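Here is a short briefing on one protein chain.

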Amino acid sequence: MEAGDLRIETVGGAEDKEHTDLLGFVINLAAKIQALAKPGEILVGEISERNLHVKWRQILQPVALPADWPYGRKVFKVVPGSRPERAT
């Protein structure tokens with residue numbers, strides 16, 4: 001999961017071939033983040049992590065990214081079985 005700007009376009013000429021497509025860096029980045037995930041794992045991109053309330057950030061931990069990761073953004077994973085602490 002990641003957050004950012006994207007463009008929504010309807011493409012195709014004939015009505016039966018027409019479809020809606022999502023375009024932009026964030027779409028490509030989200031696909032790359034998804035490809036890093038192991039089965040059952042939830043990964044969150046850096047922008048999504050920053051947009052979370054602080055109580056939800058406490059259940060995330062950084063992911064060790066491949067040395068050739070060219071996207072310049074951190075990735076976090078949800079710690080399995082974790083729950084945020086309740087505010088007092």
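Accessible areas come from the Shrake-Rupley method with a 1.4 Å probe, and for residues only the protein chains shown count as cover. On that basis the protein chain exposes about 6700 Å², and carbon and sulfur atoms supply 52% of it. This is a predicted model: local features need pLDDT of at least 70, side-chain atom pairs count only at pLDDT 80 or more, and totals for chains, interfaces and linings use all residues. Residues are numbered from 1 along each chain as its sequence is written, and side-chain values use heavy atoms, with hydrogens and water left out.

**Fold and dimensions**
- The protein chain holds three helices and five strands (DSSP runs numbered from the N terminus: helices are H or I with at least four residues, strands are E with at least two).
- Read from the N terminus, the order is β-β-α-β-α-α-β-β.
- The C-alpha trace spans about 55 × 35 × 25 Å along its principal axes.

**Burial, contacts and charge**
- Of the 88 residues, 17% count as buried (buried is under 20% relative accessible area, exposed over 50%, partly exposed in between, with a 1.4 Å probe and protein chains only).
- Among contacts with a separation of 6 or more, 49% come from residues 24 or more positions apart; contact means heavy atoms within 4.5 Å.
- The 12 positive and 12 negative charges have mean positions 11 Å apart. Lys and Arg count as positive, Asp and Glu as negative; His and the chain ends are not counted. Each charge is placed at NZ of Lys, CZ of Arg, CG of Asp or CD of Glu.

**Strand pairing**
- Strands pair if DSSP finds at least two bridges between them.
- Strand 3 (residues 43-45) runs antiparallel to strand 5 (residues 75-78), joined by three bridges. Here Val44 has Phe76 as its bridge partner.
- Strand 4 (residues 60-62) also pairs with strand 5 in the antiparallel sense, over three bridges. Leu60 stands opposite Val78.

**Two residues of helix 2**
- Glu46 lies in helix 2 (residues 46-51). Glu46 counts as buried because its relative accessibility is 15%.
- Leaving out residues up to four places away in sequence, Glu46 touches Glu2, Gly72, Arg73, Lys74 and Phe76.
- Ser48 is also found in helix 2. Ser48 is buried, at a relative accessible area of 10%.
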